[in-house]
Amino acid sequence: MSNPVQADRQTRQGVWLRQAIRAAFWIALIAITALALTPGPAMPPVLLGADKLKHIAAFATLAGLVRLGWPGLSRWLGAAVLMAHGGLIEIVQASPVLQREMSLADLAADAIGIALGFAAIWLLHRVRRA
């Protein structure tokens with residue numbers, strides 16, 4: 001039989017950790033959005049480059065935090081919400097005020113990042129079970 005005090009402590013730690021991960025998600029989302037919408041000179045479209053790697057890293061981070069912070073959330077719903085956010089960023093970047101450009105390649109990089117973030121958390125859970 002397990003110790004009820006120890007089980008309660010583990011439950012409280014789990015709740016605290018989940019809340020911390022959710023807070024990290026919101027902080028990351030705000031920071032990524034702010035960086036993406038900061039006015040600046042439009043970069044020439046490049047299929048593969050540092051810009052795409054930044055998109056992949058940003059959305060992999062967001063996806064990983066979504067999977068850890070909301071483990072019961074459907075992967076499809078999580079991916080759809082993150083893709084919608086990436087799409088909105090691209091639409092807003094098309095505004096002449098921001099002096100940036102909308103790019104479907106950026107949206108594709110976001111999708112790759114989401115898939116990699118989900119895969120990383122899946123692998124993490126699989127390794128922890130072994």
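## A pocket lined mainly by α4

Helix α4 supplies eight residues to the lining of the second largest pocket, the largest share. The model described here is predicted. The volume of this second largest pocket is about 360 Å³.

In total, 16 residues line the second largest pocket. Those nearest its centre are Arg67, Leu68, Pro71, Ile121 and His125. By type, the lining holds eight nonpolar, two polar and six charged residues.

## The chain as a whole

The protein chain contains four helices and zero strands. Along the sequence, the pattern reads α-α-α-α.

How much of the protein chain is buried? Of its 130 residues, 31% are buried. Contacts in the chain can also be sorted by distance in sequence. Among those between residues at least 6 apart, 78% join residues at least 24 apart.

## Helix α4

Helix α4 covers residues 104-129, which makes 26 residues. From first C-alpha to last, α4 reaches 38 Å. That is close to the 38 Å expected at 1.5 Å a residue. The N-terminal end of α4 is capped by serine 103. A side-chain oxygen of serine 103 lies 3.2 Å from the backbone nitrogen of alanine 105.

Which residues of α4 are buried? They are Asp106, Leu107, Ala109, Asp110, Gly113, Ile114, Gly117, Phe118 and Ile121. These buried residues pack against two other helices, α2 (50-69) and α3 (75-93).

## Aspartate 106

Aspartate 106 sits in helix α4. Is aspartate 106 buried or exposed? Its relative accessible area is 6%, so aspartate 106 is buried, because buried means under 20%.

Which residues does aspartate 106 touch, leaving out those up to four places away in sequence? The list is Asp51, Lys52, His55, Glu90 and Gln93. Two of these, Glu90 and Gln93, are buried residues of α3.

## Glycine 64

Glycine 64 belongs to helix α2. Its relative accessibility is 9%, so glycine 64 counts as buried. Setting aside neighbours within four places in sequence, glycine 64 contacts Gly117 and Ile121. Both Gly117 and Ile121 are among the buried residues of α4.

Glycine 64 can also be placed relative to phenylalanine 25. In sequence, the two are 39 residues apart. In space, their C-alpha atoms are 8.9 Å apart.

## Helix α3

Helix α3 has 19 residues. Why does its length agree with expectation? At 1.5 Å a residue, α3 should span 27 Å, and its end C-alpha atoms are 27 Å apart, so the two values agree.

Serine 74 caps the N-terminal end of α3. Here a side-chain oxygen of serine 74 lies 3.2 Å from the backbone nitrogen of tryptophan 76. The buried residues of α3 are Gly78, Ala79, Leu82, Gly86, Gly87, Ile89, Glu90 and Gln93.

## The loop between α3 and α4

Glutamine 99 lies in the loop between α3 and α4. Is glutamine 99 buried or exposed? Its relative accessibility is 51%, so glutamine 99 counts as exposed, because exposed means over 50%.

The backbone of glutamine 99 is also worth a look. Its phi is near 55°, a positive value in a residue other than glycine. Most residues other than glycine have a negative phi.

Terms used:
Residues numbered from 1 in each chain as written. Predicted model: local features only at pLDDT ≥ 70, side-chain atom pairs only at ≥ 80, totals over all residues. Heavy atoms only, no water. Expected span 1.5 Å × (residues − 1). Buried < 20%, exposed > 50% of the residue type's maximum accessible area, 1.4 Å probe, protein only. Contact = heavy atoms within 4.5 Å. Polar contact = N/O pair within 3.5 Å; in protein donor to acceptor, adjacent residues only side chain to side chain. 1 Å grid on protein atoms, 1.4 Å probe; cavity = no way out; pocket = protein on both sides within 12 Å on 5 of 7 lines; lining within 4 Å. Points joined across faces, edges and corners; volume = space filled by probe spheres on them. Nonpolar A, V, L, I, M, F, W, Y, C, P; charged D, E, K, R; others polar.
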